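Take a look at the sequence and the structure first, then read on.

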Amino acid sequence: MKCRYCPRALRTPESRARGYGPVCGRQHGLLPASTPRQRAVTTPVTGVRTPALPGHIHPDQTAIPIQPVIPLEE
């Protein structure tokens, strides 16, 4: 089956049911414009700055004590 607006063949069942493909559908305003999968970040990302004091934790963060595990020699 071919598109009603151009000579291209319709490949998907959705296109065949509509009678036109996605390219012609967008050109004639019958389908919405495609949106990008990933949008660019509009707001710059900045890290949280805290004073370099021992034991100082930012109010929004939780302290997790880290205890290293030293392997025993066999």
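1. Serine 15 counts as buried because its relative accessibility is 5%, and buried here means under 20%. Please keep in mind that this is a predicted model.

2. Where does serine 15 lie? Its place is in helix α1, which covers residues 13–18. The side chain of serine 15 also makes a polar contact with the side chain of threonine 12, at 2.9 Å.

3. Which residues does serine 15 touch once neighbours within four places in sequence are left aside? The contacts are Leu10, Tyr20, Gly21 and Pro22. Two of these names, Leu10 and Tyr20, come back in the next point, as members of the largest nonpolar core.

4. The largest nonpolar core has 5 residues in all: Cys3, Cys6, Leu10, Tyr20 and Cys24. Cysteine 6 has a relative accessible area of 17% and is therefore buried, given that the cut-off is under 20%. Cysteine 24 likewise counts as buried because its relative accessibility is 5%.

5. Let us stay with cysteine 24 for a moment. You will find cysteine 24 in helix α2, residues 22–27. Not counting residues up to four places away in sequence, cysteine 24 is in contact with Cys3, Tyr5 and Cys6. Cysteine 3 and cysteine 24 are 21 residues apart in sequence, while their C-alpha atoms are 8.2 Å apart in space.

6. With these cysteines in view, how many disulfides does a search of the whole structure find? The search finds 0. Cysteine 6 is in no disulfide, and the nearest cysteine sulfur, that of cysteine 24, is 3.5 Å away. Cysteine 24 is in no disulfide either, its nearest cysteine sulfur being that of cysteine 6, 3.5 Å away.

7. Finally, step back to the whole protein. The protein has 2 helices and 0 strands. Of its 74 residues, 14% count as buried. The accessible surface comes to about 7400 Å², and carbon and sulfur atoms account for 56% of that surface. Among contacts between residues at least 6 apart in sequence, 2% join residues at least 24 apart.

Terms used: Residues are numbered from 1 along each chain as its sequence is written. This is a predicted model: local features need pLDDT of at least 70, side-chain atom pairs count only at pLDDT 80 or more; totals for chains, interfaces and linings use all residues. Side-chain values use heavy atoms; hydrogens and water are left out. A nonpolar core is a set of buried Ala, Val, Leu, Ile, Met, Phe, Trp, Tyr and Cys residues joined through side-chain atoms within 4.5 Å. Buried means under 20% relative accessible area, exposed over 50%, partly exposed in between (1.4 Å probe, protein chains only). Contact means heavy atoms within 4.5 Å. Helices (H or I, at least four residues) and strands (E, at least two) are DSSP runs, numbered from the N terminus. Accessible areas come from the Shrake-Rupley method with a 1.4 Å probe; for residues, only the protein chains shown count as cover. A polar contact is a pair of N or O atoms within 3.5 Å; within protein, one must be able to donate a hydrogen and the other to accept it, and residues adjacent in sequence count only if both atoms are side-chain atoms. A disulfide is a pair of cysteine sulfur atoms within 2.5 Å.
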